[in-house]
Amino acid sequence: FLANDWLTAQLLTSKPVKITIPGPLTLATYLDVSQSEFNLETLTDHLSKLINTEILDAVKKGCRHIQVDDPQLAIQPNAALNFGIHFMGKCFDEVPNEVQKYLHVCRGYPNGTTFADSTNKASEDCYLQIMESLNESTIDVMSIENAFHPSPDALFEIISKKTLMLGVINIKSNEVETPEDIINSVESVLKFIPKERLILAPDCGCACDPNIFYNKMKNLAT
């Protein structure tokens with residue numbers, strides 16, 4: 001299905017299209033393993049092989065930008081460090097170097113205005129807990145959210161081997177970030193990560209008015 005979805009989208013533009021697929025720890029978490037022979041780790045292992053099959057098929061059909069979305073790496077940092085990041089990397093087994101391998105780790109927007117308002121999202125320091133391992137993983141591009149809750153400088157000091165896709169658009173707010181706002185939000189990050197290794201993006205999703213989101217994205221592209 002991944003290759004078919006990518007081909008359908010790619011027919012609409014001459015520019016390269018990136019396709020995404022859920023990561024193995026996230027899929028395993030939402031499957032009920034209580035009545036099966038699998039625990040969370042073994043199921044994550046099996047799912048990584050299935051995802052790898054889908055990714056290799058997309059590569060064979062011509063896709064050169066493939067992203068795994070695995071928010072449970074942030075929500076379950078212990079599982080991520082014990083096995084989740086390893087099996088996320090296995091999703092890209094045998095993928096050639098000319099294919100850009102992306103990982104997006106969404107940490108989720110709380111229901112209120114701060115992380116303390118919600119208990120079913122990742123912790124504030126989730127990225128710090130897992131970033132050293134992600135920096136050593138097989139991915140090329142690391143995508144994180146940073147607009148709703150900016151990360152400390154210590155996080156960006158760790159990211160020495162990856163291109164960073166940085167969320168700079170708050171997808172929950174109807175306030176439109178100006179180009180100047182966006183520039184200001186990345187100035188401190190550029191102290192640690194050169195612009196050649198930095199991609200600007202919105203945080204994950206679109207929880208604001210779609211017309212407002214369009215204007216946010218226009219300013220991001222400016």
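**The loop between H5 and E3**

Modeller: Glu94 is found in the loop between H5 and E3, where helices are DSSP runs of type H or I with at least four residues, strands are E runs with at least two, and both are numbered from the N terminus. Please keep in mind that this is a predicted model, in which local features need pLDDT of at least 70 and side-chain atom pairs count only at pLDDT 80 or more, while totals for chains, interfaces and linings use all residues. Residues are numbered from 1 along each chain as its sequence is written, and side-chain values use heavy atoms, with hydrogens and water left out.

Glu94 has a positive phi of about 65°, although it is not a glycine. As background, most residues other than glycine have a negative phi. Glu94 counts as exposed because its relative accessible area is 72%; the cut-offs are over 50% for exposed, under 20% for buried and partly exposed in between, with a 1.4 Å probe and protein chains only.

The model has one aromatic pair by the rule used here. Its rings are those of Phe83 and Phe87, whose centres are 6.4 Å apart and whose planes meet at 55°, so the pair is tilted. Under that rule, rings of Phe, Tyr and Trp (its six-membered ring) pair if their centres lie within 6.5 Å, and planes under 30 degrees apart count as stacked, over 60 as edge-to-face and the rest as tilted.

Lys121 has a relative accessibility of 28%, so it counts as partly exposed. The C-alpha atoms of Lys121 and Asp5 are separated by 29 Å, and the two residues are 116 positions apart along the chain.

Within H6 one finds Ser133, which is partly exposed at 30% relative accessibility. With neighbours up to four places away in sequence set aside, Ser133 is in contact with Leu81 and Ile85, contact meaning heavy atoms within 4.5 Å. Between Ser133 and His86 the C-alpha distance is 9.1 Å, although 47 residues separate them in sequence.

Leu27 belongs to helix H2 (residues 24-29) and is partly exposed, with a relative accessible area of 30%. Beyond four places in sequence, Leu27 touches Pro22, Leu47 and Ile51, and its C-alpha lies 10.0 Å from that of Leu40, 13 residues away in sequence. Lys172, in the loop between strand E5 (163-169) and helix H8 (179-187), is partly exposed at 33% relative accessibility. From Lys172 to Asp209 the C-alpha distance is 8.8 Å across a sequence separation of 37 residues.

As for the whole protein chain, it has nine helices and six strands, and its C-alpha trace spans about 50 × 45 × 35 Å along the principal axes. A compact globule of 222 residues would have a radius of gyration near 17 Å, and the 18 Å of the protein chain agrees with this; the radius is taken over C-alpha atoms, and the globule rule is 2.2 Å times the number of residues to the power 0.38. Of the 222 residues, 44% are buried. Among contacts with a separation of 6 or more, 71% join residues 24 or more positions apart.
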